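Hi,

Here is the structure I said I would pass on.

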Amino acid sequence: MASRFGFQSTTMIVTNTPAADLALTNLAYCSPSDLHNFAVPGTKLFLALVADSSVLSFSYPWFIPPEDFNLALLTLELEFVKKGTKNEQIDAVILANQLRKRFANQVMTSGQRVTFEYHGNNYIFTVTQATVEGREDSNDVERGMISSDTYIVFEASNSSGIKIVNQREAASSNIFRHKEFNLQSLGIGGLGAEFADIFRRAFASRVFPPHVTSKLGIKHVKGMLLYGPPGTGKTLMARQIGKMLNGREPKIVNGPEVLSKFVGETEKNVRDLFADAENDQRTNGDQSDLHVIIFDEIDAICKSRGSTRDGTGVHDSIVNQLLTKIDGVESLNNVLLIGMTNRKDLLDEALLRPGRLEVQVEISLPDENGRLQILQIHTNKMKENSFLAPDVNLQELAARTKNYSGAELEGVVKSAVSFALNRQLSLDDLTKPVDEESIKVTMDDFLHALHEIVPAFGASTDDLERCRLNGMVDCGDRHKHIYQRAMLLVEQVKVSKGSPMVTCLLEGPSGSGKTALAATVGIDSDFPYVKIISAETMIGLHESTKCAQIVKVFEDAYKSPLSIIILDDIERLLEYVAIGPRFSNIISQTLMGKKLLVLGTTSEVSFLDSVGICDAFSVTYHLPTLKADDAKKVLEQLNVFAEDDVSDAAEALNDMTIKKLYMLIEMAAQGEQGGAAEAIYSGKEKIKIAHFYDCLQDIVRF
């Protein structure tokens with residue numbers, strides 16, 4: 001049968017090699033006269049041979065190795081060719097170097113058996129794992145070529161008579177399966193600095209042979225904690241770290257899965273996680289493999305002892321059991337525990353001390369460059385397959401997505417794709433064939449997706465806009481001066497290194513525009529995190545619940561590089577009652593215990609001063625009522641009076657708040673019979689000055 005290269009398939013007779021040592025090279029040999037039947041001039045090809053009892057035949061004539069086919073990891077199980085051979089000790093460092101030279105550029109396949117000679121004895125190794133760098137998750141057959149960088153792991157059963165020494169010495173700098181780290185190829189974006197910190201603290205000591213760390217008198221780091229907001233990549237980083245290490249397959253455990261309703265069963269589950277590492281260390285000592293245990297949502301089982309009052313004490317005993325396994329009397333040196341949590345504050349402090357989860361790295365929200373990397377990762381395939389439209393500007397999208405987590409950025413890409421796919425579908429006929437070539441994800445799709453996927457830690461733009469429904473109008477030089485001073489404080493927070501945290505109190509009569517001004521400062525600041533805390537959002541909540549909500553807003557603010565928190569009507573948040581007076585001291589302590597860029601508003605400045613809250617604010621500005629000239633400017637901008645009536649109306653509005661002015665204008669705009677508002681606001685009619693005076697009397701009486 002002809003091969004795909006035009007050559008006829010050939011059958012060869014098996015015979016002895018000219019020299020015995022050729023049988024230990026894992027190569028097929030043929031007569032020089034037959035060579036022309038197999039050679040392809042100018043091509044680097046490999047023969048794939050299948051042997052039976054008497055012949056060698058080509059089952060698949062030629063194998064062309066793909067790019068990046070070198071093995072990163074090769075695990076070999078050793079045994080003697082002749083059973084019952086006396087016990088022998090094999091140095092993993094020497095043998096690994098010999099095999100890398102002897103079988104260089106040869107393809108090894110999982111399950112393959114190869115004969116070789118070492119120190120006068122003949123051995124057989126069986127390939128149990130053959131991993132090509134970057135293809136750990138591939139469904140292809142495990143195979144690849146041995147190179148000078150291939151990390152070789154040796155295994156031998158207890159009954160084989162073979163003892164392997166210096167396995168960890170052989171690892172040297174090859175504790176990792178990869179020679180270098182391209183985090184983007186691993187699907188990790190924007191976490192380069194965090195990974196560098198983890199490597200320095202947790203893995204640098206493991207790169208060197210055990211005798212080096214022994215001479216230094218140090219122990220390896222046994223645990224690390226990855227913490228931060230949801231969706232920032234903690235689980236992804238832990239999973240990839242586990243895959244990159246040349247050790248046993250990582251054990252991934254969800255915190256709640258460890259819990260059991262049976263007495264003592266939970267503690268047993270914790271002990272079982274460490275059982276393999278204990279047996280390995282007991283058998284191989286310093287030569288044992290690294291065992292990685294990944295605890296997702298570790299706060300579910302490691303809460304501070306005494307904080308859970310369930311009457312069983314199960315959580316306390318879990319923490320005790322875990323502490324003894326990590327750093328107890330019989331602690332292990334071949335374990336790396338990686339914990340992940342969104343709530344570091346809930347963990348028992350004994351778990352966080354050096355010797356336990358001592359490497360604590362915050363995986364925070366990505367910066368603009370990190371967001372660009374994440375967007376590139378999630379759009380890479382669609383770009384390679386020409387589904388990404390040319391107008392898509394990922395740099396612009398990275399700039400627009402302040403405070404987006406990695407998971408939220410992935411959600412933005414999914415949402416954008418859904419818009420693109422939806423254009424190709426017809427709800428009237430879902431069986432209509434889809435034209436794949438016309439699928440294009442455009443910039444407009446991404447912009448629509450940004451409105452759909454809102455960051456959990458983003459600015460509350462809608463809430464802020466509701467605080468200034470009438471917009472912002474020029475209320476005179478005094479109000480403009482306060483706005484400018486507040487924006488200077490915003491700029492101070494952006495650039496200052498000496499006082500980056502500032503608090504500002506806006507006080508004045510009720511309705512003087514304090515909340516609208518604070519909301520405007522928040523919107524104009526362009527800070528990624530702006531939240532407003534008001535009494536309206538906490539109606540019906542218990543005092544402790546209110547405190548918890550306030551604390552969460554402040555904690556979320558710390559996770560963003562630039563944040564503004566608006567405390568609207570502080571006296572109402574404190575539940576101030578004028579008769580008494582009485583107020584909530586617990587909420588008062590919650591507000592005063594934080595330092596951040598805070599814009600507070602109040603109509604009861606004397607009360608706040610009496611309880612010491614005014615002292616918590618760096619700057620206080622008084623928002624005055626409107627003078628006649630200020631009111632005239634506002635009325636001219638509203639354009640609801642005849643030109644001759646503006647001055648008279650402004651005189652009547654002297655010493656009025658901006659909120660009452662708007663209320664009065666809306667009343668007068670209804671007309672004496674009602675229904676005139678639309679005509680007045682559109683400029684077709686004007687408010688009659690006499691009717692305006694009648695409404696003014698109602699406001700004054702009110």
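This is a predicted model: local features need pLDDT of at least 70, side-chain atom pairs count only at pLDDT 80 or more; totals for chains, interfaces and linings use all residues.

**The chain overall**

The chain has 702 residues, and 44% of them count as buried. Its secondary structure comes to 24 helices and 21 strands. If you take the contacts with a separation of 6 or more, 76% of them are between residues 24 or more positions apart.

Start with the open sheet of five strands, which pair in parallel and are ordered E13-E14-E15-E12-E16. From one strand to the next, the twist averages 15 degrees.

Strand E12 (residues 223-227) runs parallel to strand E15 (residues 335-341), and five bridges join the two. E12 also pairs with E16, again in the parallel sense, over four bridges. Tyr-227 shows up in both pairings: Thr-341 stands opposite Tyr-227 in E15, and Glu-362 is the bridge partner of Tyr-227 in E16.

What packs on this sheet? Helix H7 (residues 265-284) does, touching E13, strand E14 (291-296) and E15. The direction of H7 makes about 170 degrees with that of E14.

In E16, Val-359 and Val-361 are on the covered face, while Gln-360 and Glu-362 are on the uncovered one.

**The sheet with E17 to E21**

There is also an open sheet of five strands in the order E18-E19-E20-E17-E21, with parallel pairing. Here the edge strands are strand E18 (529-533) and strand E21 (619-622), and each pairs on one side only. Ignoring direction, neighbouring strands of this sheet are turned by 15 degrees against each other on average.

Five bridges link E18 to strand E19 (residues 563-567) in the parallel sense. If you want a residue pair to click on, Ile-533 has Leu-567 as its bridge partner in E19.

Two helices to look for on these strands are H14 and H15. Helix H14 (residues 477-495) lies across strand E17 (503-507), E19 and E21, and runs at about 160 degrees to E21. Helix H15 (residues 514-525) lies across E17, E18, E19 and strand E20 (598-602), at about 165 degrees to E20.

**Two helix pairs that share H11**

Helix H11 (residues 406-422) packs with helix H12 (residues 443-452) at an angle of about 125 degrees, and the axes are 8 Å apart. That angle makes H11 oblique to H12. The crossing of these two helices is right-handed. Residues making the contact include Val-412, Ala-416 and Phe-419 of H11 and Phe-446, His-448 and Leu-450 of H12.

H11 also crosses helix H9 (residues 368-384), at roughly 35 degrees, and their axes come within 10 Å. The crossing of H9 and H11 is right-handed. Among the residues in contact are Ile-374, Leu-375 and Met-382 of H9, with Leu-409 and Val-417 of H11. Val-413 of H11 is in the contact with H9 and also in the contact with H12.

**Loop residues to check**

Asp-345 is in the loop between E15 and E16. With 49% relative accessibility, Asp-345 counts as partly exposed. Its C-alpha atom is separated by 8.9 Å from that of Lys-303, which is 42 residues away along the chain.

Asn-105 is in the loop between helix H1 (92-102) and strand E6 (107-109), and its phi is near 65 degrees, a positive value in a residue other than glycine. Asn-105 counts as partly exposed, at 44% relative accessibility. Asp-655 lies in the loop between helix H21 (646-652) and helix H22 (658-669). Phi of Asp-655 is near 70 degrees, which is positive although the residue is not glycine. At 48% relative accessibility, Asp-655 counts as partly exposed.

Cheers

Methods: Residues are numbered from 1 along each chain as its sequence is written. Side-chain values use heavy atoms; hydrogens and water are left out. Buried means under 20% relative accessible area, exposed over 50%, partly exposed in between (1.4 Å probe, protein chains only). Contact means heavy atoms within 4.5 Å. Two strands pair if DSSP finds at least two bridges between them. Axes are lines fitted to C-alpha atoms, for helices over the stretch in contact, and angles run from 0 to 180 degrees between N-to-C directions. Angles under 35 degrees count as roughly parallel, over 145 as roughly antiparallel, 65 to 115 as roughly perpendicular and the rest as oblique. A crossing is left-handed if the near helix is turned anticlockwise from the far one by less than a right angle, and right-handed if clockwise.
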